[in-house]
Amino acid sequence: EVERLTRAGRRALALGDARAALGCFRRALLLSGGTASPRLRRVCAFNLGAAYVESGKPQKGLEFLLQSQPPAGGSGEHLEDLYFNIGAAHEGLRDFPKALEHSGCAAGRGGAAQAGNRAGTCVQMGCCYLGMREPARAARCFLEAAQSYAAAARPEAVAVALGRASGSMLQSRHFGAAEIAAVLARCRRLCDSIPDPALRGNTAPPPPPLALLLLAAPPPFFASCPSAGKLYNDIGLGYSQLRVFSLAADSFQQALALCGAQPDRRGEAAVLQNLGAAHNTLRSFGTALAWHRRAAALHGVLGNRRAQGQCFGNLAYACSRLRNHEAAAENYLHALQAFRDTGNGKGRW
């Protein structure tokens, strides 16, 4: 019965049904208490703890993961998995030094045939370094993860790791533009080769906020993208920060092709906004107008008032460069009202 519940819990977790998984693992742990096998109880405690961490409850997860540790001096099986999950729990609790300590233990126990596991540990360590505001170290961890994923023949994971690496490199002052551009180019090539659009997601950090200055060639408002096509969007944001706007616009165009088929249209709105901003910087203002208008309209439908104000600001600047000053003034007023509505003092200024 314990084995049946464990298999059911793992299936539920794989399907994203955390509540069902937790129920199965809880019952399995309860039943294991009536057996004569301490190891079985540790395995059940591990499964329950890992499921709690996966479902966003790191404190509860840590409690059960600590119960699953083998006795002092015991060799234990799959200790790297235990260390990895304890590290993930500490990361969820934002205790990054402890998370790094356990991630390092997990990495130290990974065998040569476990490149995928090592890569996951490197990603975890990279996220911890980002939480500690050490983007240079984070970038190196993500680059190491990309190497390990490549050894494990997982090109989609390589692309995601490279996307995270480029975002961290852009936050750091330890990498040159050519080095960052090379990582972005490799990531882009991999994206082009991945057949499944759902695999092109990523969680790279959003770009720093950008100001809008009246009629003075403002840095345009770009937006992060929360859906399919996000990795292409993040590549575009990377190229934007490197000021290679032609490649940025091309990447945003690829992202739009993936976002357009998604039921959640937030990603589409963000990419439309970025396409308009990229064309502003390329001085193709006539082309930019259509993107700005579509982005502002869609952000309005979705209730994204702050983002809509950014689009109105970008649209106003394009109008001003086309010497349509009446339309520019009108759109700056729309942007001003949107920033008032959302309490954005910098945008109002």
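**Helix pairs, close up**

Author: Helices α1 and α3 are roughly parallel to each other, because their axes cross at roughly 20°, and under 35 degrees counts as roughly parallel. Bear in mind that this is a predicted model. α1 covers residues 2–14 and α3 covers residues 38–54, and their axes come within 12 Å. As for handedness, the crossing of α1 and α3 is left-handed. On the α1 side, the touching residues are V2, T6, R10 and L13, while α3 brings L40, C44, N47, A51 and E54. Sort the residues of that α1–α3 contact by class and you get 5 nonpolar, 2 polar and 2 charged.

Now hop along to another pair, α14 (residues 285–302) and α15 (residues 305–321). Their axes are 9 Å apart, and the packing angle is about 160°. That angle is over 145, so α14 and α15 come out as roughly antiparallel to each other. Their crossing is left-handed. From α14, the contact takes in F285, L289, H292, R293, A295, A296, H299 and G300; from α15, it takes in A307, Q308, C311, F312, N314, L315, Y317, A318, C319 and R321. By class, that makes 11 nonpolar, 5 polar and 2 charged residues between α14 and α15.

Staying with α15 for a moment, that helix runs over residues 305–321, and R306 is one of the residues touched by N344. So where does N344 itself sit? You'll find N344 in the loop between α16 (325–341) and α17 (345–348). Is N344 buried or exposed? N344 counts as buried because its relative accessibility is 7%, and the cut-off for buried is under 20%. Its side chain reaches the backbone nitrogen of G347 at 2.8 Å. Leaving aside residues up to four places away in sequence, N344 touches R306 and F339.

Zooming out, the protein has 17 helices and 0 strands. Of its 349 residues, 49% count as buried, and N344 is one of the buried residues.

Key: Residues numbered from 1 in each chain as written. Predicted model: local features only at pLDDT ≥ 70, side-chain atom pairs only at ≥ 80, totals over all residues. Heavy atoms only, no water. Helix = DSSP H or I, 4+ residues; strand = E, 2+ residues; numbered from the N terminus. Buried < 20%, exposed > 50% of the residue type's maximum accessible area, 1.4 Å probe, protein only. Polar contact = N/O pair within 3.5 Å; in protein donor to acceptor, adjacent residues only side chain to side chain. Contact = heavy atoms within 4.5 Å. Axes fitted to C-alpha atoms, helices over the stretch in contact; angles between N-to-C directions. Parallel < 35°, antiparallel > 145°, perpendicular 65-115°, else oblique. Left-handed = near helix turned anticlockwise from the far one by under 90°. Nonpolar A, V, L, I, M, F, W, Y, C, P; charged D, E, K, R; others polar.
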